[in-house]
Amino acid sequence: MKKPRLRLGFLASNNGSGMRGIVAAIEAGALDAEARLVISNRRDAPALDFATAHDVPTTVIRTKTDPDAADAALAEALLAAGVELVILSGYLRKLGPRTLKAYAGRVLNVHPSLLPKFGGEGMYGRRVHDAVAAAGERVTGVTVHVVDGEYDQGPPVAQLEVPLVSGDDAATIEAKVTAAESGFFVEVLRGLSQGTLALPHPTHNFR
């Protein structure tokens, strides 16, 4: 049996909408990848139920009580599952140094703006779209970027522009960006698997 080009692990705190889109693409044969593990910091995260329903292993690693132990457990779980590329799918916790070291240059996040605009600590979800609307932007978008130790500071892998029209409010902007996010993330991963896109560190690519 042919080995999947990408072996993915997902971190999700809630619904994991990006993870759902990626798993659906894998199941449809549209992405040469394998979902190896879904990890959440919340036992009641709907992402875990989705993963279980799609035969993807899951685990819960709580982060509040002992962040250092959680960081070690997270890195160990990903490595034990054979994960080579980590996808953040609405994971609302900052990664610790052990996980970042184990997967340096191989953790990806999707952010709902064209970074470096409207990024940084506290800028997630509707807050981003509120800021875009308040600034009167005529173009926003989606950024898939490498995760490092600072919020939204890692180098971008790819960006997609989402045009806006005068009068778009935060809810309208959010709907437009959300509609673009999941499919774009799949396109980026397909590019990585096929070698048409590259991660910033050349030793971390998959062909």
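Because the model is predicted, local features need a pLDDT of at least 70 and side-chain atom pairs count only at pLDDT 80 or more, while totals for chains, interfaces and linings use all residues. Residues are numbered from 1 along each chain as its sequence is written, and side-chain values use heavy atoms, with hydrogens and water left out.

Salt bridges come up first. Side chains of opposite charge can pair when their charged atoms come close. The structure holds six such bridges, each defined as a side-chain nitrogen of Lys or Arg within 4 Å of a carboxyl oxygen of Asp or Glu. One of them joins R7 to E84, with the closest N and O atoms 3.5 Å apart. R7 sits in strand β1 (residues 6-11) and E84 in the loop between α3 (67-80) and β4 (85-88), so this pair ties together parts that are 77 residues apart in sequence. Helices (H or I, at least four residues) and strands (E, at least two) are DSSP runs here, numbered from the N terminus. Both R7 and E84 are buried, where buried means under 20% relative accessible area, exposed over 50%, and partly exposed in between (1.4 Å probe, protein chains only).

Two further bridges are worth a look. R42 pairs with D44, their closest N and O atoms being 2.8 Å apart. Here R42 is partly exposed, at a relative accessible area of 26%, and D44 is exposed, at 52%. K176 pairs with D168, again with the closest N and O atoms 2.8 Å apart. K176 counts as partly exposed at 29% relative accessibility, whereas D168 counts as buried at 16%.

Next come the pockets. They were found on a 1 Å grid over the protein atoms alone: a pocket is an open set of points where a 1.4 Å probe fits, with protein on both sides within 12 Å along at least five of seven lines, and lining residues have an atom within 4 Å of a point. Grid points are joined across faces, edges and corners, and a volume is the space filled by probe spheres set on the points. The largest pocket comes out at about 1000 Å³. Its lining takes in 36 residues, with G90, Y91, L92, Y124 and G125 nearest the centre. Elements giving two or more residues to this lining are α1 (17-27), β5 (107-111) and α6 (170-194), and α6 supplies the largest share, five residues. By class, the lining splits into 11 nonpolar, 17 polar and eight charged residues; Ala, Val, Leu, Ile, Met, Phe, Trp, Tyr, Cys and Pro count as nonpolar, Asp, Glu, Lys and Arg as charged, and the others, Gly among them, as polar.

The second largest pocket has a volume of about 170 Å³. Of its 13 lining residues, T63, P67, K94, L95 and G96 are the closest to the centre. Helices α3 and α4 (97-102) each give two or more residues to this lining, with α3 giving the most, five. Six of the lining residues are nonpolar, three polar and four charged.

Leaving out residues up to four places away in sequence, I22 touches L8, F10, L31, I87, F185, V186 and L189, contact meaning heavy atoms within 4.5 Å.

With residues up to four places away in sequence set aside, its contacts include P112, L114, V132, L160, V162, I173 and V177.

The peptide bond from L115 to P116 is cis, with omega near 15°, and P116 falls in the loop between β5 and α5 (126-135). In that loop between β5 and α5 lies F118 too, which has a positive phi of about 60° although it is not a glycine. D152, another non-glycine residue with positive phi, near 60°, is placed in the loop between β6 (139-146) and β7 (156-163) and counts as buried at 14% relative accessibility.
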